[in-house]
Amino acid sequence: MKNKEIALRIFKTQIRKYFKEILIIFLFVILTASMTALTAWLLDPAIKKIFIEKDKTMLVIIPIAIVLTFLLKSLGIFIVRMTTIKVAFNVLKNIQVLMTSKILVSDLSHFIEKHSGKFISNFANDTRILLGTIMAFSLSLIKESFTLIALIGLMFYQDWQLSIVAITMIPVAAFASKKIGKKMQKAASENLDAFGNFTKFLSEILKGTSIIQIYQREKEELKKFSEIIDDKLKKEKKVEQTRHRAGPVMETINAFAIAFVILFAGYRSIQGEMEIGQFVSFLSALMLAYQPVKALAGINLTIQEGLTAAKRIYDLIDQANQVVQDDTLKNLRILKGEIKFGNVNFIYPDGTEALKNLSLNIDGKTSAALVGLSGGGKSTILNLIPRFYNLTDGEILIDGQNINEVQLNSLRKNISLVSQDIVLFDDTVKANIGYGNIMATDEEIIEAAKKAAAHEFISNLSEGYETVIGEAGVKLSGGQKQRLSIARAILKNSSIILLDEATSALDTESETQVQNAIQNLIKDKTTLIIAHRLATIKNVNKILVIDQGKVAEEGTHAELINNSIIYKKLYDQQDLNS
Ligand code: ADP
Ligand code: MG
C-alpha cells in the first residue's frame, strides 16, 4: 500500500464519519487563525493612532481589543483541542476493535508464524503512534496552515512586495522538511520492529520464569534482553533525533527571512516609502508565522511515522483468512455423526508433512481411539475436523457432507474439543465451565462439573464456583484444569467429541472417576480419543494406530493385541512400566 492510499483509507473508513466534529474543528480553526492575524494587525493602528497621532480613545479601545482577540483565540484553540481528542480517541477505539475482531477469526496458521508479543506491540504501540498522528494532523496541520494563511494574508495586505521577499523562504523550508521526512519513515519502521521484539521477549521471559530460574539462565536472559533494549533505544533515539533535525534547519531559514525583510523594509523606510506602523505589524506577522512554519515542517515527520504504523495495522487487518464463515453455504446436518477422511494430505505452513494420504472411517455414535508414538499426527487429525487448518489435499466428510462445503459455524457447533494444551481464562470457575454453553444455568454447570469429577475440588476452593482461577488457571493443578475443560465439553453436549490426551494429567483415582464421566459423555456420540495410556481406551469400538502420518494398524483391542506389530509393542512397553 502506498502512503496516499493508506491516508485515504484512514480518512474514508475512520475519520469521515465524524463529519460534525470535523466541521466544528474547521470553524474554530478559522476563528483562531483570524484572531492571530488580527492581533498582529492591531499593532498598526496602535502605533499610528496612539504613538504618532496621540489619540486617547484608541488608547482605551486597542488594549481592550487585544485582550478580546486573545480570549477568542484561546477559546478557539480549546474547542479545537477537545473536539480533536474526541475524534482521535474514538478512532483509536474503533481500530482496536477492528483488529481484535480480525484476530478472533484469524486462521490458526497466522499464529504459528507470528509471535503473540508482536500482536501486543501492534495493539499497544502502533495504535498509539497513529493516535498521535491524528491529533497532530488536526492540531498542527489544519490549525497551523490556516494560521499561516491568515498571517501571510495580513502580510500581503500590509505590503505585497515585502511579502514576496518573506515567502521565498517557504519552498526552501518545504524541501528541507521533505528530505528529513524520508529519513523519518525508515527510522519509524525500524523503531516499530524493535518494539515488537521487545514485547515478544518480555512475554517469553514472563511465561518462562520458573524454567529460567531452575536452569539458572538469569544472566544470559538479562544479557539478551539488554541487547534488545539497547536496540530499541537506539531506534527510538534515531526517531527523536530525526524529529529534532527539523528544528535548527527551520530556525536558520526563519532567520534569513527576517534578515531579508529588515534589509528590504529598512531600505524602503530610508527612501520614505514605508510607515513604521505598517512595518511593525508586518514584522510581528512574520514572527508569528514562525510557529506555524515550524509546526508544519515537523508535521511531515509525524505523518510519516503515523503512516508507517498504520501500514502495520492494515497488514494485520488485511491478512487473508482461508477458513472463513460463509453464509451462502448449507448448514451441516448431523444424522449419526459419521466421520470419514479420504486420502487426506496435510502440510503445516512451515512445510512439515504431518499427514500423508490418510484415510479413516468412524461410524456415527461410536468411539475410536488414536494411538501411536508422539509426532505421528494424532493431534493434527483432530485439529482438521473443526477446520483449524484447511486440508492440503483430500477430503473430510461428516455424514457425507464435505466439511469445506458447509458453514463453519454449523460445523463447530457440533464439535466439542478437549485439547492437549488446556485453555482456561482468568475468570471464575463457573465462567470457565459455562464457556461451553452460554445459556447454561447454574444447576447445569454444577451437573457438568459433577460428571467431570470436578465438583468436589471446586467446592473446596475458597469461593467455590465463584473462585477466579488466575492467568491460564495458575491457581489449579494440572488434573484440576483438565477436569474443568472436560466439564466445559460435557456442557456443550455436541454430537462429535474430540479428546486429545484429556486425562493425561490425572492421578489414577480421579482418572477412574473421569473415565466414568467420559463414558457418560460419549454415549451415543461420535468420539475420537487420543490416549497416552492404552489401558484407558480398551472400551472403545475401534483403535487406529497412527504412525508417520498414516493409519498403520486398525482394529479392536482384542484383534490388535493378537495380530499387530506396533500396537502390541506399545502395549507391552506400557505393561512393563505399570
Ligand atoms: P501427535 O499428536 O501424534 O504427537 P502431531 O499431530 O502433534 O503429532 O504432529 C505431527 C507432526 O506435525 C509432527 O512432525 C509435528 O512436529 C508437526 N507439527 C505439529 N504441529 C505443528 C505446527 N503447528 N507447525 C508445524 N509442524 C507441526
Ligand atoms: Mg498430540
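The structure is a predicted model, in which local features need pLDDT of at least 70 and side-chain atom pairs count only at pLDDT 80 or more, while totals for chains, interfaces and linings use all residues. Residues are numbered from 1 along each chain as its sequence is written, chains are lettered from A and ligands numbered from 1 in the order in which they are written, and side-chain values use heavy atoms, with hydrogens and water left out.

I begin with the ligand. The shell around ligand 1 consists of I112, Y348, D350, T352, A354, S374, G375, G376, G377, K378, S379 and T380; a residue is near a molecule if one of its heavy atoms lies within 4 Å of it. By class, three of these residues are nonpolar, seven polar and two charged. In this scheme Ala, Val, Leu, Ile, Met, Phe, Trp, Tyr, Cys and Pro are nonpolar, Asp, Glu, Lys and Arg are charged, and the others, Gly among them, are polar. Helix α12, residues 378-384, gives the most to the shell, with three residues; helices are DSSP runs of H or I with at least four residues, and strands are runs of E with at least two, numbered from the N terminus.

Next, the polar contacts, pairs of N or O atoms within 3.5 Å. An oxygen atom of ligand 1 is 3.0 Å from a polar backbone atom of G377, and an oxygen atom of ligand 1 is 3.3 Å from one of G376. A nitrogen atom of ligand 1 is 3.4 Å from an N or O atom in the side chain of Y348. Taken alone, ligand 1 exposes 550 Å², of which the protein buries 69%, by the Shrake-Rupley method with a 1.4 Å probe.

I turn to the cavities. On a 1 Å grid over the protein atoms alone, a cavity is a set of points where a 1.4 Å probe fits but cannot get out, and lining residues have an atom within 4 Å of a point. A volume is the space filled by probe spheres set on the points. The whole structure has four cavities of 30 Å³ or more.

The largest cavity holds about 170 Å³. Among its 16 lining residues, A166, I170, N254, L286 and V293 are the closest to its centre. The lining has 15 nonpolar residues, one polar and no charged, and α9 supplies the largest share, four residues.

The second largest cavity has a volume of about 110 Å³. Its lining has 14 residues, with Q515, I518, I529, T536 and I537 the closest to the centre. Here α18 (508-522) and β8 (526-530) each give two or more residues.

Key
A polar contact is a pair of N or O atoms within 3.5 Å; within protein, one must be able to donate a hydrogen and the other to accept it, and residues adjacent in sequence count only if both atoms are side-chain atoms. On a 1 Å grid over the protein atoms alone, a cavity is a set of points where a 1.4 Å probe fits but cannot get out, and a pocket is an open set with protein on both sides within 12 Å along at least five of seven lines; lining residues have an atom within 4 Å of a point.
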